[in-house]
Amino acid sequence: MGSVVYDCFEAALGSEVRIWSYTQPRYEKELNLTQQLPALPWLNVSADGDNVHLVLNVSEEQHFGLSLYWNQVQGPPKPRWHKNLTGPQIITLNHTDLVPCLCIQVWPLEPDSVRTNICPFREDPRAHQNLWRAARLRLLTLQSWLLDAPCSLPAEAALCWQAPGGDPCQPLVPPLSWENVTVDKVLEFPLLKVHPNLCVQVNSWEKLQLQECLWADSLGPLKDDVLLLETRGPQDNRSLCALEPSGCTSLPSKASTRAARLGEYLLQDLQSGQCLQLWDDDLGALWACPMDKYIHKRWALLWLACLLFAAALSLILLLKKDHAKAAARGRAALLLYSADDSGFERLVGALASALCQLPLRVAVDLWSRREMSAQGPVAWFHAQRRQTLQEGGVVVLLFSPGAVALCSEWLQEGVSAPGAHGPHDAFRASLSCVLPDFLQGRAPGRYVGACFDRLLHPDSVPALFRTVPVFSLPSQLPDFLGALQQPRAPRPGRLQERAEQVSRALQPALDSYFHPPGTPAPGRGLGPGAGDGT
């Protein structure tokens with residue numbers, strides 16, 4: 001008789017739809033149809049360590065859309081992610097992305113398909129923790145602010161006072177009260193003035209979840225101020241207390257707290273208008289009173305004492321540092337000798353090199369020929385002697401037959417030795433200022449003498465120069481090294497080790513200088529005492 005087309009009615013995906021057709025009034029004859037709708041994509045949520053897997057088990061040919069969004073109690077959903085997919089899929093989410101209002105919407109890519117929504121994380125503890133981690137308090141004006149969070153949440157907020165030093169923020173309830181908080185809704189506290197120590201606490205189910213000092217960025221860091229709470233009663237009765245970590249201390253008070261000790265001064269500041277009023281109503285008021293001037297006055301002498309102590313300690317450490325630096329550099333030693341011949345110069349060079357292995361800074365003309373040629377022997381020696389003695393060093397007179405002959409010439413006891421007037425002979429030049437030190441008694445402690453065992457006996461040294469110790473080397477090396485390193489001479493055991501070290505370094509040069517028996521040794525017969533002690 002005719003036809004009817006139904007092309008728009010809701011039916012759940014994956015369900016079986018039955019359609020009946022009959023007359024009215026209803027007769028026994030009926031027409032019916034059973035229709036199987038496309039299956040709903042099967043979605044399962046599973047956890048794998050820190051990750052969450054969204055498993056969609058559908059046929060490979062089926063196309064579907066998937067969307068993640070934040071479901072909002074007020075306002076439209078906030079889309080987070082959308083994609084068209086085909087066949088079975090596994091979507092991985094990091095656990096930090098989970099929040100209670102994160103929902104999943106899935107639908108087949110077919111005309112007029114019904115979209116299915118599930119919100120599997122409403123009761124997930126991790127999602128609730130992430131929600132509070134993502135929540136932020138945002139200051140809009142000096143007195144208005146809002147709570148910014150992905151999802152709606154039950155919360156209440158109140159002001160607290162945060163004193164510097166790390167103590168917990170103390171809620172100002174009473175006299176203020178808790179206020180219900182709605183996400184993204186502007187809130188205001190009835191403040192007359194703001195202060196960097198005022199902070200906002202947000203609680204949920206009587207548990208502190210969030211705390212921020214909103215005014216610290218604009219007003220600077222926390223101040224060492226005391227918050228005074230004024231309570232007003234009937235007949236103009238009022239009382240004051242100072243908020244401290246231990247509680248609110250009444251003023252005036254005989255307690256041992258800081259505010260109690262300074263209570264008289266705080267009350268004077270309040271009466272003179274030096275305190276900042278933060279809040280006021282019929283029941284009371286809040287005042288912030290500065291404490292800096294009292295702390296500075298009380299601790300000024302202590303700080304001064306600390307500074308003096310620090311200065312004295314720094315001076316002691318500096319002196320110790322200089323002493324240690326000087327010890328590390330070693331004592332200066334100026335080595336003077338007569339250039340009898342080239343073999344003796346090599347022997348002197350070996351001795352100077354061996355002494356450099358110790359904590360000694362040795363100066364010898366052998367290593368400064370260019371400098372000495374430019375300045376002249378007299379000027380070079382005077383400069384080296386002055387620097388060595390100013391640094392607390394020692395001048396070493398290394399006697400040889402030629403040196404003894406030069407000394408005798410200066411003392412008018414003999415004649416000059418041949419070959420002792422070389423172009424770089426600093427010893428001859430040095431006698432002009434060495435002799436006055438000995439003649440005037442300034443030599444002890446500043447000079448020492450030395451000679452080699454098989455070349456010269458110490459008794460051959462002129463008597464004037466024996467007013468300072470004269471050591472025979474290498475037999476008296478320990479005593480010689482001890483005299484060089486005074487006043488910081490090492491202990492005897494260590495001194496003996498150093499003497500053996502110098503002796504080993506010096507022995508090849510001695511063997512080379514003193515030929516085997518039967519061969520005339522260089523340098524012999526050049527002055528009195530030559531050959532003594534062989």
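Is Cys-119 buried or exposed? Cys-119 is buried, at a relative accessible area of 19%, where buried means under 20%, exposed over 50% and partly exposed in between, with a 1.4 Å probe and protein chains only. The model is predicted: local features need pLDDT of at least 70, side-chain atom pairs count only at pLDDT 80 or more, and totals for chains, interfaces and linings use all residues. Residues are numbered from 1 along each chain as its sequence is written, and side-chain values use heavy atoms, with hydrogens and water left out.

**Disulfides**

- A disulfide is a pair of cysteine sulfur atoms within 2.5 Å, and by this rule there are six disulfides.
- With bonded cysteines counted along the chain, the pattern is 1-4, 2-3, 5-6, 7-8, 9-10, 11-12.
- Cys-119 is bonded to Cys-103, with 1.9 Å between the sulfur atoms; the torsion about the S-S bond is about 100°, so this disulfide is right-handed.
- Cys-103 lies in strand 8 (residues 102-108) and Cys-119 in the loop between strand 9 (116-118) and helix 1, so the pair ties together parts 16 residues apart in sequence.
- Helices (H or I, at least four residues) and strands (E, at least two) are DSSP runs, numbered from the N terminus.
- Cys-103 is buried, with a relative accessible area of 1%.
- Cys-199 and Cys-213 form another disulfide, their sulfur atoms 1.9 Å apart; its torsion of about 75° makes it right-handed.
- Cys-199 is buried at 0%, whereas Cys-213 is partly exposed at 25%.
- The link of Cys-241 and Cys-248 is right-handed, with 80° about the S-S bond; Cys-241 is buried at 14%, and Cys-248 is partly exposed at 34%.

- Six of the eight residues of strand 18 (residues 225-232) are buried.
- Two strands pair if DSSP finds at least two bridges between them.
- Strand 18 runs antiparallel to strand 22 (residues 284-290), joined by seven bridges, and Leu-227 stands opposite Ala-288.
- Six bridges pair strand 18 with strand 19 (residues 238-244), also in the antiparallel sense; Leu-229 has Cys-241 as its bridge partner there.

- An open, antiparallel sheet has the strand order 10-11-15; its edge strands are strand 10 (136-139) and strand 15 (187-188).
- Four bridges join strand 10 to strand 11 (residues 144-148), and Leu-139 has Trp-145 as its bridge partner.
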